[in-house]
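User: Can you walk me through this model?

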Amino acid sequence: MKPIKSQTGIGKWLPRKFDDVKAAGTLQFTDDLRFGPELLHAAVVRSPIAHGEILSIDFSQALEVAGVVKVLVGEDFPHHFGLYLQDRTPMAIGRVRYVGEPVALVVAQEENIAREAAKKVQVQYRELEAVFDPVKAATHSGVLVHPELHTYNHVDFVLPQPHTNIGNWFKIRKGNPEEAFENAAHVFEEVVTCPQIAHGFLETHCSICQQDIASGEITIWTSSQSAFTVRDIIAKGIGFPLHKIRVIAPPIGGGFGGKAGMTIEALGLAAAMHPEIRGRPVKLFIPREEDMLTSWVRQGYVARIRMALDEQHRITGIHNTFWFDTGVSAEYGANPVRSAGYTSMGSYNIPNVWSDCYAVYTNKPFGGAYRGFGLPELMSALEVVVDIVSHRLGISPVEFRKKNMMRKGDTTCTGMPMHDHGLQAIIDRVAKDIAVEKKEPALRPGWKRGKGIALAIKAPAMPADASSSAIVKLNGDGTVEVLAATMDMGQGTYTAYAQMVSEELSIPYEKIQVSFPDTKSHPYDWQTVASRSCWSMGMAVKRAAVDVRNQLLALFSEFWQTPVDTITLEYGTVMCRKLGKTSAIDEKVQNGFKMPDGMLKGGPIIGRGSFIPPDIVYPDPDTGQSPKSVVHFTLGAVGMDLEVDPTTGAIAINRVSSGYDVGKAITPANLRGQIEGGTLQGISACLMEGLAYDEKGKLLTPDFTDYKIATTLDTPGEIISFWEEVPEELSPYGNRGVGEHSMIAPAPAINNAVFNATGSRIHSYPLSRERVFKALKAQRNGENDFVEWPYALDVAFKKAKKKWD
Amino acid sequence: MPGKKEVWCTVNGKKTRLLAAGNTTLLQALRDIGVTSVKRGCEEGECGACTVILDGLPQKSCIVLAQEVEGATILTSEGLVQNGTLHPIQQAFIDEGAIQCGFCTPGMVLSTWALLQSNPNPTDEQIKQALSGNLCRCTGYAGIQRAVKKSAKLLAPKLQGGDSQ
């Protein structure tokens, strides 16, 4: 007999936690919290130039505005912050490095007053030459974005190059790539470019900071994926004890990496900690146009990929150079670069690898975490190159991929063995769903129809010591509270955790509650990023639930005087069939069990669980090699069936098939949601997204009118989402991360399908109507390859692309 | 308060006083009285997270001035909840995976409500058109599309009943 019976455990379709209050609109996000008349509001004065010295800041007129309390400048809070590299101050000190950089903060009684007064702050600058193109910034530029780079603190696994614009350089040197290229039967070299893109979450950044006048304790309410990491970055930045910083993370309206790490919190804190303000809560709400200008972006890149093949069309070597445009800060952006680097082989078995990934500083908004964390970038280039190569060799892109894909036991580019996975079945299914080999007529008159596929791969990209912990509390009425400091930002992790607890304790799902993070009440978790939560925090939650179960069973064993293995947990009831006994989970679990000897035993039952990946070794800085560089990889594939309108350049997607090997589906409703949502986010990025700047570095796309994201009108005819379940060995239930993965392959799959439809290969994202139209026009002039890179004009891009080494 | 005017309107069935300066948006005025289901997503009419039903029509409350709503009837998603029971549209959003972060949801629900009032049996294309002013970054709109169709089915008997009277 199964000792634990639950109808609401792993794998069940259930109504998700908090969906009821989300539907009603009563769930309170950070901006919805109320603080009463004590609340002050801050507004930011921002740099209008991309690079320059601050000569003077005159805020006397701002101070004259009725209701203004204080104006602060960079020197008032001269602390450096950063997750991996402390290259950021909340406000510019002496020098501005991008259009939009905060130079002053106006604090007032009302938000409108702060905004109006901010316009009255006069700043004098001496403009300096700026650099916007990552290739130029890395190789040819006399402009240094951070001349002080050598003085910044950083973690060991990030390697800034002093006196250059390179914030991190990640290398792979595996096998003998030189020999592989010398002996190759075929060598191909291609370039792909992509601009920075924006997260486009619907809730902009918002935080409220307050410091107690007596204890000095700081409380921060913030729209963040990373309550504990905000706490830790701030503690390190200002030299403050952890226990005196409390971070409360209310529900957030979308994250996608854009609310990971520390974002705006230190800026608000600059005001809240000021002696004249201390004690009062200070709110900093970032309006949309400022948010688009001054929050993380996904890094743009210029990628060059060379590939060596033997006579049998096996990939024998790869040489990657990725110039990531990390903008003004690499404090977080250093790591997606590393993440892309240690997956330089993509989903393929390539014995010889030479890879250089650079995080390059430019005078633009700062690159950071974005759903997929380096892999949509890498794979949007690599999967296009693979497609090009297969066409040049004259074999089917599907067969070429299957022939070269990494199988169990093959080594990744960092030298770790690949685990088992279901990629082959996924490729077959995707190919079948879109009938990839079948040429079909377009559904729209005059349009051209094409099919394309692309593979996805990603490991959770995190430091080796990214840990999680959870507490599971049993209440006296048989309900449960779970403290797990993951941010449920819509992906639905609280639903998954409740299912895990139900699985282990048999208690019905609706009796299990999970609450939003508060560093004062919750035990530590690193961050809600990297598709790690259901895996890493899942381990902790499962362990905590098992801990509760063990305590419960031990107490009932003594209470009923029967061995533990005669007791079962069934749908929230404790039973011993042998003795014919049944008990609800009731006050006993809180107030103690009166044992046969008349003594009370037990007391409130609290379970605890901790987890840290046990065996991760940082790659060697010179070769990128490590026995185990990452915890696991999730693989998948996307197939696109689409049509192109040659007269307008428009692309319409008939059908997408998208599948991933998730190991085990904990919450199918979440999984479907992640696949559907990420697929459209990937389509949107591919077809319409790119931050555009003028020649002075001013953002031209600061709102949803100019920066288009997909609406209902841009949805595909059909999204097929499916998954394989080849279990992961070290995992709570065999599950692997999948939250980010659905965004990796849609863009290259579209690119490949557009080639299939038109014969034109577009090397620059996005594949906007304008660009597709131009590419098709170029095709009529005999150019089948189309490249556009706005900032490479001055390095004679087409000539330079062969000579970057 | 200097510069602010009293505006009387009906919010979710209750006679309500808003305090509004000349440049106060309806979005801000509603949030000031604690109606926070209307969200500040863009404050320039682009995202739809602040959608309300104003005298029967869906409007973006960030581009309506509060002083314009004197005497008007305003419905927000809180107002769809009756005696602790969610409206069938809200329930359909839950059932069909139309909700992730929930920030766009109140606006999306109201745009659906308005669509089904005027067109109880919309086609896929009509659903897409009606919701194209409400952005969602999480769901890919797939669950939302399912939820609208389900809502139409759930509400059909009710709406038809209403027509026959």
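This is a predicted model: local features need pLDDT of at least 70, side-chain atom pairs count only at pLDDT 80 or more; totals for chains, interfaces and linings use all residues.

User: How many helices and strands in chain A?

Analyst: Chain A has 19 helices and 31 strands. Both are DSSP runs numbered from the N terminus: helices are H or I, at least four residues, and strands are E, at least two.

User: Which strands make up the open sheet?

Analyst: The order is 1-21-22-23 in chain A, with mixed pairing. Strands pair if DSSP finds at least two bridges between them. Strand 1 (4-5) and strand 23 (581-584) of chain A are the edges.

User: What about strands 21 and 22 of chain A, parallel or antiparallel?

Analyst: Antiparallel, over 4 bridges. Ile567(A), for one, stands opposite Cys576(A) in strand 22 of chain A.

User: Which helix packs on that sheet?

Analyst: Helix 14 (residues 533-560) of chain A, touching strands 21, 22 and 23 of chain A. Contact means C-beta atoms, placed from the backbone, within 7 Å.

User: Switching topic, how many residues does each chain give to the contact?

Analyst: Chain B gives 40 residues and chain A gives 42. On the chain B side, helix 2 (88-95), helix 3 (105-118), helix 4 (124-131) and helix 5 (142-164) of chain B each give two or more.

Key. Residues are numbered from 1 along each chain as its sequence is written. Chains are lettered from A and ligands numbered from 1 in the order in which they are written. Two residues are in contact if their C-beta atoms, placed from the backbone, lie within 7 Å. Axes are lines fitted to C-alpha atoms, for helices over the stretch in contact, and angles run from 0 to 180 degrees between N-to-C directions.
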